[in-house]
There are 2 protein chains.
Amino acid sequence: MIVIKMGGDIVGSGSLSPAIIDDIKKVSEEQKIALVHGGGDEVTRIAEKLGVPQTFVISPEGIRSRYTGRETAVIYAMVMAGMINKGLVVALQKAGINAVGFSGVDGAAIRAERKKRLIIIDENKRKRIIDGGYTGKITSVNSEFLFLLINGGYIPILSPIALGDEAEILNVDGDRAAAYVAGALGADLLLFLTDVQGVYLDNTIVKKIDADKVSELLPRIGQGMEKKILAASEAIKLGVKRAVISSGFIDHPVTSVLSRELGTVIF
Amino acid sequence: MIVIKMGGDIVGSGSLSPAIIDDIKKVSEEQKIALVHGGGDEVTRIAEKLGVPQTFVISPEGIRSRYTGRETAVIYAMVMAGMINKGLVVALQKAGINAVGFSGVDGAAIRAERKKRLIIIDENKRKRIIDGGYTGKITSVNSEFLFLLINGGYIPILSPIALGDEAEILNVDGDRAAAYVAGALGADLLLFLTDVQGVYLDNTIVKKIDADKVSELLPRIGQGMEKKILAASEAIKLGVKRAVISSGFIDHPVTSVLSRELGTVIF
């Protein structure tokens, strides 16, 4: 079983490169596969067109994330599950890959706890507590539902949305959603396809990272990558054999990772 | 097996009345159920907000429908499958109904043939042939996929979108989608929940319509209702035992139809 997370740079407003599609097809003929996508930039673009400016907040750890108010939650679901997800499904269907797109609210595939409060660093670099909005911390994945589809011969492709305790639509981080899905499915590999070759440290790609030693490394790593490494180490703790952060813009971006050492491996 | 089509007046931008939710819950405890929704007005509202004005065309038979260009097809999918569908899923999940929302492109649930050309009546009341855009005529329903979900204990809720022959996203009529789904599932009942009590003729509700005699009746019936009667008679020809057009705004809108004669029955 392999779970592939495809970020916003890879999926745009809902398309995939022929190289990725070919590889997904090849891999799907040999093993079970599930996909998780991102696409935050497209959410921002549509939200602003609809007159709902997007706000981003910075956590004390320096992690930047979307502030999801009520209106943004609806737009987030709309763009993720309606535009990007369906664009990806037709791109895969066109290649004869029987994809089924859905989100974490469907079949309660991903449950999350709404963050009641967020601690942020404000413009004056001071800590401030704000209402959590519609962002969630994942609590469980309905693996039975995912296996129903997978064992039925379908390839699930999930939007990073979760069902809250009060059945709210919650925005969840796509990398962490992928980690939880990979954990719940007992995946051998969680592959993050990104716009870079792997995790860089002093201009060199880090070959291997021990999931237990991630915290030592983090202060030396950039923003977006930090989130991915944390998600990867979370996946390992959830029982995934290995996570790989690698480029989605090379030839054979998936099968290359399966056949040789590539990108950064978190184990 | 019962299939319920819930139109735009019933679902708005993605919500359901407590009366409908209670009834779906009750019915789902006793028999299998699948849902199909509409929501065209919401598509129009969002499209116009995004600067994509919507055009409607009139067929020689007098039927008005959305002209779906490429941009509109994307917005249609986004609003239907991302906003309305997910809104309905969380409304149902909140009541403990394990709904799974998806569209006809997922698992190739609904396949359609793209209409190459449309014959329309232009502003000068003359026939004109235009490019068909992204509107489809349904050719098949993947009942295996629907049964996989239903027999797995989930309640499918479908957006009226289909997968074209070249894997295009196609806009399909929600009423006809419901008819084809009901036919493919061998439903006993296809229930159209609308904003009126049934089919009116000379200010009286028509109690029964023979599906074979629909064509005689149509010239005397109004616009939107005409489409529903046609879809209902199509469902009967596809093997559905009966179709009912009834109000979604009464108490017990579903169970009432099951327990007594209500609305207009097409058989």
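Which residues in α3(A) meet which residues in α4(A)? On the α3(A) side they are Glu42(A), Val43(A), Ile46(A) and Ala47(A), and on the α4(A) side they are Thr72(A), Ile75(A), Tyr76(A), Val79(A), Met80(A), Met83(A) and Ile84(A). Keep in mind that this is a predicted model.

**Helix pair α3 and α4 in chain A**

- Of the residues in the contact of α3(A) with α4(A), nine are nonpolar, one is polar and one is charged.
- The two partners are helix α3, residues 40-49 of chain A, and helix α4, residues 70-94 of chain A, and they pack at an angle of about 120° with their axes 9 Å apart.
- That angle makes α3(A) oblique to α4(A).
- As for handedness, α3(A) and α4(A) cross in a right-handed way.

**Helix pair α6 and α8 in chain A**

- Helix α6 (residues 174-185) and helix α8 (residues 223-237), both of chain A, have axes that come within 8 Å and cross at roughly 15°.
- A crossing under 35 degrees counts as roughly parallel, so α6(A) and α8(A) are roughly parallel to each other.
- Here too the handedness is given: the crossing of α6(A) past α8(A) is right-handed.
- From α6(A), the residues taking part are Asp175(A), Arg176(A), Ala178(A), Ala179(A), Ala182(A) and Gly183(A).
- Across from them, α8(A) brings in Lys227(A), Lys228(A), Ala231(A), Ala232(A), Glu234(A) and Ala235(A).
- By class, the residues of this contact between α6(A) and α8(A) come out as six nonpolar, one polar and five charged.

**The sheet in chain A**

- Chain A has an open sheet of eight strands with mixed pairing, and the strand order is β5-β10-β2-β1-β13-β17-β18-β16.
- At its edges sit β5 (99-103) and β16 (208-209) of chain A, each of which pairs on one side only.

**A closer look at β13 in chain A**

- On one side, strand β1 (residues 2-6) of chain A pairs with β13(A) in the parallel sense over five bridges.
- In that pairing, Met6(A) stands opposite Leu193(A) of β13(A).
- β13(A) also runs parallel to β17(A), and six bridges join the two.
- Here Thr194(A) stands opposite Ser247(A) of β17(A).
- β13(A) is mostly covered, with six of its six residues buried.
- In a regular strand, side chains alternate between the two faces of the sheet.

**Where chains A and B touch**

- The contact takes 30 residues from chain B and 30 residues from chain A.
- On the side of chain B that touches chain A, the elements giving two or more residues are α4 (70-94) and β5 (99-103) of chain B.
- The top contributor on that side is α4(B), which gives the most, with 13 residues.
- By class, that side of chain B has 19 nonpolar, seven polar and four charged residues.

**Two spots in chain B**

- In helix α3 (residues 40-49) of chain B, the buried residues include Gly40(B), Val43(B), Thr44(B), Ile46(B) and Ala47(B).
- Among the elements covering the buried residues of α3(B) are α1 (8-11), β4 (64-67) and α4 of chain B.
- After α3(B) comes Gly51(B), whose phi is positive, near 80°.
- Elsewhere, Thr255(B) is found in helix α9 (residues 255-259) of chain B.
- Thr255(B) counts as partly exposed because it has 16 C-beta neighbours inside 10 Å.
- Thr255(B) and Ile20(B) are 235 residues apart in sequence, yet 9.4 Å apart in space, C-alpha to C-alpha.
- Leaving aside neighbours within four places in sequence, Thr255(B) is in contact with Asp23(B), Lys26(B) and Val27(B).

Methods. Residues numbered from 1 in each chain as written. Chains lettered and ligands numbered in written order. Predicted model: local features only at pLDDT ≥ 70, side-chain atom pairs only at ≥ 80, totals over all residues. Axes fitted to C-alpha atoms, helices over the stretch in contact; angles between N-to-C directions. Helix = DSSP H or I, 4+ residues; strand = E, 2+ residues; numbered from the N terminus. Parallel < 35°, antiparallel > 145°, perpendicular 65-115°, else oblique. Left-handed = near helix turned anticlockwise from the far one by under 90°. Contact = placed C-beta atoms within 7 Å. Nonpolar A, V, L, I, M, F, W, Y, C, P; charged D, E, K, R; others polar. Pairing = 2+ DSSP bridges. Buried ≥ 20, exposed ≤ 12 C-beta atoms within 10 Å, placed from the backbone.
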